[in-house]
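Please look over the sequence and the structure shown here, and then read the report that follows with both at hand.

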Amino acid sequence: MLPKQLMGIGLMLLSILFTIGVWMQLIRTIAQLGTMGSAAKAGSFTAIGLMVFFTHSLAKYSLDLIRNKAPKPRIVTLPHFGKINLADLDSCYDAETVFNGKEIQLDLNFEKTSMGIRNMYAVKNILDNLDAFDKQNKQYILRDFEDENGDTVKFYLEHHLEVAEEEELAAFIDLNDKTSEPIRQLFGKIHLKRVGFYPENEGGFAIFDYSLGEDFTNYLIVVITDKDGKLKEMTMES
């Protein structure tokens, strides 16, 4: 017997006890009608009505558990992911698409097995307007790069200039170009690699991974935003 079915049996027993309590309360109320005022009568019957509704709902839910009845599907359709049943979620959904000529990975992550539809509209908005969110993220990245106190983007680029072999860099940027510094050439190579969605996490709703290219490095600039695209954090990760 499944754990949900065992819980259903327990709740069914509880609903039976509630039903007995409702009948006892009804009998007491009827016996005292002659001594009760109008307000007391109304209050008593309202309470009994609420108890009946609660008992009925509990019994129905118990039967669904005992029968191992699946919850009613709540389907949402997302770009690239297709149809997703919000009443019976997997922990992760994966997809991929081509963005600005490069293949990017998409993933949708859940901790619970069901959720409401509200935050899924925000996921759809980002997917539908990925170009706009990418441009906004590029502004966050540029701002950090140009900020003398910025500690992510400049460090990311300088790290690769230091550790990469000259031949490797020469195949990636033009080291003989006197009009553009190597670090700025590298900056121009940063592109979106992945978007991960975490709809249950308001603070880290979307995670955008930016890279110089997986053939060049395993390190990433990670831009974390809320559901509206507001920057929450920027880090360098591998």
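Leaving out residues within four places in sequence, His191 is in contact (heavy atoms within 4.5 Å) with Lys102, Lys138, Asp209, Tyr210, Ser211, Leu212 and Gly213. His191 belongs to strand 5, where strands (E, at least two residues) and helices (H or I, at least four) are DSSP runs numbered from the N terminus. His191 counts as buried because its relative accessibility is 17%, the term buried meaning under 20% relative accessible area, exposed over 50% and partly exposed in between, with a 1.4 Å probe and protein chains only.

This is a predicted model, in which local features need pLDDT of at least 70 and side-chain atom pairs count only at pLDDT 80 or more, while totals for chains, interfaces and linings use all residues. Residues are numbered from 1 along each chain as its sequence is written, and side-chain values use heavy atoms, with hydrogens and water left out.

Asn85, in strand 2 (residues 82-85), touches Pro73, Arg74 and Ile75, not counting residues up to four places away in sequence. The table gives side-chain distances to backbone atoms for Asn85 and for His191.

| Side chain | Backbone atom | Distance |
|---|---|---|
| Asn85 | nitrogen of Arg74 | 2.9 Å |
| Asn85 | nitrogen of Ala87 | 3.0 Å |
| His191 | oxygen of Lys189 | 3.0 Å |

In helix 3 (residues 118-128), the residues Asn119, Met120, Ala122, Val123, Ile126 and Leu127 are buried. They lie on the same side of helix 3, because they cover an arc of only 150 degrees around the axis, taken from the directions from the helix axis to the C-beta atoms. The face turned away from this buried side carries the exposed residues Arg118 and Tyr121.

Conventions: A polar contact is a pair of N or O atoms within 3.5 Å; within protein, one must be able to donate a hydrogen and the other to accept it, and residues adjacent in sequence count only if both atoms are side-chain atoms.
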